[in-house]
Amino acid sequence: FVVSFDQEDGARYLQLTLQAMARDEETIAAVKQHAPAIRNSLLFMLSGYELEVLNTQAGKEQLRHDLLGAANEILAKNGTEPGVEELYFTSLVVQ
């Protein structure tokens, strides 16, 4: 994901790569099937964050928690048991 933020000191960016962890094959298949809806939801959520918050450890953990909830919410809306157990940031750059 790449999200831009307009700041007083110019444009700033967040670049984020995520990996989802699930143990159930049905959940894994559902994540793949609904990936566009999940990405859409996560992009909108990311653009609503304040960069100052994302520069803190607590802010990053809150973001991870919120994104996990959003991913499971999309699965639930599409008739799949919410089974994504964890989201891992495999790359995170705030610039």
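1. In this predicted model, a network of salt bridges links Glu61, Arg64 and Glu86.

2. An α-helix has 3.6 residues a turn, so residues three or four places apart point the same way.

3. Arg64 also forms a salt bridge with Glu86, at 2.8 Å from N to O. Because Arg64 lies in helix α4 and Glu86 in strand β3, this pair ties together parts that are 22 residues apart in sequence.

4. Arg64 counts as buried, with a relative accessibility of 16%, since the cut-off for burial is under 20%. Glu61 is partly exposed at 38%, and Glu86 is likewise partly exposed at 27%.

5. A further salt bridge joins the side chains of Glu73 and Lys77, at 3.4 Å from N to O. These residues are 4 residues apart in helix α4, about one helical turn. Glu73 is partly exposed at 43% relative accessibility, whereas Lys77 is exposed at 61%.

6. Helix α4 itself covers residues 57–77 and spans 30 Å from its first C-alpha to its last, close to the 30 Å expected. Its buried residues include Leu63, Arg64, Leu67, Leu68 and Ile74. Among the elements covering the buried residues of α4 are β2, α1, α2, α3 and β3. Gly79, which follows α4, has a positive phi near 85 degrees.

How values were computed
Residues are numbered from 1 along each chain as its sequence is written. This is a predicted model: local features need pLDDT of at least 70, side-chain atom pairs count only at pLDDT 80 or more; totals for chains, interfaces and linings use all residues. Side-chain values use heavy atoms; hydrogens and water are left out. Helices (H or I, at least four residues) and strands (E, at least two) are DSSP runs, numbered from the N terminus. The expected span of a helix is 1.5 Å times one less than its number of residues. Buried means under 20% relative accessible area, exposed over 50%, partly exposed in between (1.4 Å probe, protein chains only). Contact means heavy atoms within 4.5 Å. A salt bridge is a side-chain nitrogen of Lys or Arg within 4 Å of a carboxyl oxygen of Asp or Glu.
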